[in-house]
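User: Could you take a close look at the metal site for me and walk me through how it is put together?

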Amino acid sequence: MKVTLSVIKADIGGFVGHSDSHPAILESAKESLEKSKADGLLIDYYVTKCGDDLQLIMTHNMGINNEKIHQMAWNTFTTGTDVARKLKLYGAGQDLLADAFSGNVKGMGPGVAEMGINERTSEPVIIFMADKTSSGAWNMPLYKMFADPFNTIGLVIAPNMHKGFSFEVHDVKEHKKIIFNTPEEIYDVLVFIGAPSRYAVKAVYSRDTGEIAAVSSTQKLSYIAGRYVGKDDPVCIVRAQGSFPAVGEVLEPFTLPALVEGWMRGSHNGPLMPVSVANSTPTRFDGPPRVTSLGFQLAEGKLIGPRDMFDDISFDDARKQANRAAEYLRRHGPFEPHRLPLDEMEYTTMPQVMDKLKDKFSILED
Ligand code: F6R
Ligand code: MG
Ligand code: MG
C-alpha cells in the first residue's frame, strides 16, 4: 500500500519560557487532527511535543507537499496560537512567519519532513524530534546509521544493505543540493556534512532498491526570516529493518551526545541529549539540546504505537555524558567554542557595540 508519512512541527508558544509545551496546545492540535481523520483527509495521526515544539505526525494518501495537508497543519498551528495567546504562553505563534497560508508550509516557519512509501509487510519507522538545535544536528547520526560500519554492522554483513546508501545533501545558505554515494564517496560527503551549519542531509536512499530510507527537515529559520526567530528544532523520519538499518542500529548514534549548535539563545554549542518525551524539557541554560525518538509500526497507514525509544536505561550513560559535557562547556561562559562563532550566533550585539566603538579603533602600525 502507498502511504505518505508527514511530520510537520512548529513552536507556537512555550510553557514556561521556551522550556516545554502546555497541555492545552496539544489538546487543541488533537481536536484539529481528529476532525481531519473523521473527514477522511488523514488515515491516522499522533500529536506530541519535543520541548516547546508541537509535533504533528500524520499518515495519508495525498503525497508529499500536498496543499490540503499543509493547509490543515497551518490551520492547526494558527488555532493553537490562539490558545497560546489566551494563556499568554511565551512566544505565541513564534514559528508562524507568514500572515496567511500560501500553498505550502515550507518557508513559512514550520519544519517539515515527509516521505511517500510503499508500506512493507512490516514497516517500522522511527521519528526523531529535537529541541534547541538546528537541522545539521542529524548529519552525524544519519552518517553513522547509513555509512559507518562501526555503527551499522549490517552494512558489512547484511546482503540487502551491502551496496550502501546515497545521501542527498542541501546547502542551506545557497539553496543547492548534491547526491553522494556511499561507501565510495565517504571522504567527499564528510567534507560537506562535517560542516552542519551550512550543509544538511535532507534524505537518504537505499542503493539496492532506490527506496527512501530517511528524510529530515532542513530549513534554517534564521535564513528564512532574515532575522532571529529561533533555531529550527528539526525532525527526521527513519525507516528500519530489512534493507534498512535495524532499530538498534538506527538508535545507536545517539549514545554519543554529539555537540550541536543551539542551546541558549540559539548561540551556543551543546551536547545533544537523548531523552524520553517526558524529559524533553530543556531547563538548564535553556538546554542542553534534546532529542526524542518515537517508534511506530505502520499498518495500512495506521500508526501503531508509539514506543518511546529513548525511555530506556541503555541511554542513561549517554544522558550522564551529556550532563557532564554540558557542565564543562558552561564553564566557558561567553567564550568560543561554547559560544558560537560570530556569524552563527542567533543573537548578537556586535553591530551596535562595533558602531559605538568604531572611532576608538586605530590602524595597527607594523
Ligand atoms: C533557544 C531558545 C531560548 C531563547 C531564550 C531567550 O532556541 O529558544 O534559549 O533564545 O530563552 O528568549 P527570548 O529572546 O524570547 O527572551
Ligand atoms: Mg520557543
Ligand atoms: Mg523549540
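Analyst: The magnesium ion (ligand 2) and the magnesium ion (ligand 3) are 4.7 Å apart, with Asp52 coordinating both. This is a predicted model, in which local features need pLDDT of at least 70 and side-chain atom pairs count only at pLDDT 80 or more, while totals for chains, interfaces and linings use all residues. Residues are numbered from 1 along each chain as its sequence is written, chains are lettered from A and ligands numbered from 1 in the order in which they are written, and side-chain values use heavy atoms, leaving out hydrogens and water.

Let's take the ions in turn. Besides Asp52 (OD), the magnesium ion (ligand 2) is coordinated by Asp11 (OD) and His18 (ND1), at 1.9 to 2.3 Å. Donors here are N, O and S atoms within 2.8 Å of the metal (3.2 Å for Na, K and Ca), and sites may look incomplete because water is not among the atoms. Along the sequence, the spacing of these donor residues reads D-x6-H-x33-D.

The magnesium ion (ligand 3) has Asp52 (OD), Asp53 (OD), Asp131 (OD) and Asp233 (OD) as its protein donors, 2.0 to 2.2 Å away. Their spacing along the chain is D-D-x77-D-x101-D.

As for burial, Asp11 counts as buried because its relative accessibility is 0%, where buried means under 20% relative accessible area (1.4 Å probe, protein chains only). Asp53 is buried too, at 0%, and the bridging Asp52 is buried at 2%.

Conventions: Buried < 20%, exposed > 50% of the residue type's maximum accessible area, 1.4 Å probe, protein only.
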